[in-house]
Amino acid sequence: PEHAGALSLVWVAVFAYPVGLMALNAILLYVAHGAIIDGKGSAFEMRLARSISFLYKEYDVTCFWWEIAEMLRKFMLVGLFVTIEPGSITQIVMATIITAVYLLVQLNAKPFKNPADDFLAASASFALLMLFFCSVIYKYIALTDTQAIFDKMSREQQDDYGVSGVLLSGVLFLSVLSGVGVAAAIVLLEFVIESRKLAKLRRLKYAASSKWVECKRLTKADAATHE
């Protein structure tokens, strides 16, 4: 009875936090999408767009909704799939498919404003995909290494279908490390290129603090005042 009572409370929490928060953010972004994309809208929409800017400010205008995609992926991989045949290969295969589809969409959408962020995000998604893929192989190894199965296999089958767990671990480690390494190299290259561009620009510095002078855009009211 105590378990049944706790379970009902858990379902309330699930719909209130992961599902409810994702739905609320989606509704807020939808209501303010005109102000986000075009910078135009009613006073309420403009205020709403400014107040929820933390949801979309890192993304391109065309992908202002990407935070919802991130929340959906986390909800499915961390929450939903935990309940689907726990410990089975079906569970891992479904997670692998979702991760692969997400990576495909991510590579085509390139949602971040900063290209370096796109590379880092894609590398993280690739590392997650490799983790799930290798987990499928680990499940396969656990089956073929069973003595009853191994004894029924011929020598050729043992050679063809035998997989070294150590070798697979090495492949997983190197693939993730190489993906992160390539992303880090690209980010460093982007940083060097941007630094060289900034060095060639004529910019003002404060004599006292040596900080760059940031020029703000004038509003229409400011421009009229100066005129």
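Me: How does helix 5 pass helix 6, in a left-handed or a right-handed crossing?
Reply: This is a predicted model, in which local features need pLDDT of at least 70, side-chain atom pairs count only at pLDDT 80 or more, and totals for chains, interfaces and linings use all residues. Residues are numbered from 1 along each chain as its sequence is written, and side-chain values use heavy atoms, with hydrogens and water left out. A crossing is left-handed if the near helix is turned anticlockwise from the far one by less than a right angle, and right-handed if clockwise. For helix 5 with helix 6, the crossing is left-handed.

Me: Which relative direction do helix 5 and helix 6 take, roughly parallel or roughly antiparallel?
Reply: Helices (H or I, at least four residues) and strands (E, at least two) are DSSP runs, numbered from the N terminus. The axes of helix 5 (residues 89-109) and helix 6 (residues 115-144) come within 9 Å and cross at roughly 155°; axes are lines fitted to C-alpha atoms, for helices over the stretch in contact, and angles run from 0 to 180 degrees between N-to-C directions. Angles under 35 degrees count as roughly parallel, over 145 as roughly antiparallel, 65 to 115 as roughly perpendicular and the rest as oblique. Helix 5 is therefore, relative to helix 6, roughly antiparallel.

Me: How many residues of the contact of helix 1 with helix 4 are nonpolar?
Reply: Helix 1 (residues 2-31) and helix 4 (residues 66-80) pack at about 165°, with axes 10 Å apart. Their contact (heavy atoms within 4.5 Å) involves Pro18, Val19, Leu21, Met22, Asn25, Ala26 and Leu29 of helix 1 with Ile68, Met71, Leu72 and Phe75 of helix 4. Ala, Val, Leu, Ile, Met, Phe, Trp, Tyr, Cys and Pro count as nonpolar, Asp, Glu, Lys and Arg as charged, and the others, Gly among them, as polar. By class there are no charged residues, one polar residue and, as nonpolar, ten.

Me: How many residues has the largest nonpolar core?
Reply: A nonpolar core is a set of buried Ala, Val, Leu, Ile, Met, Phe, Trp, Tyr and Cys residues joined through side-chain atoms within 4.5 Å; buried means under 20% relative accessible area, exposed over 50%, and partly exposed in between (1.4 Å probe, protein chains only). Leu29, Ala32, Ile36, Ala49, Ile52 and Tyr56 have the most contacts inside the largest core, whose residue count is 13.

Me: Which residues does Ile52 contact, leaving aside its neighbours within four places in sequence?
Reply: Ile52 is among the residues with the most contacts inside the largest nonpolar core. With those sequence neighbours set aside, its partners are Leu28, Leu29 and Ala32.

Me: What is the relative accessible area of Lys110?
Reply: Lys110 lies in the loop between helix 5 and helix 6. Its phi is near 45°, a positive value in a residue other than glycine. Lys110 counts as exposed because its relative accessible area is 52%.

Me: How far apart in space are Leu120 and Gly181, C-alpha to C-alpha?
Reply: Leu120 belongs to helix 6 and, beyond its neighbours within four places in sequence, is in contact with Ala183 and Val187. Leu120 and Gly181 are separated by 61 residues in sequence, and their C-alpha to C-alpha distance is 9.9 Å.
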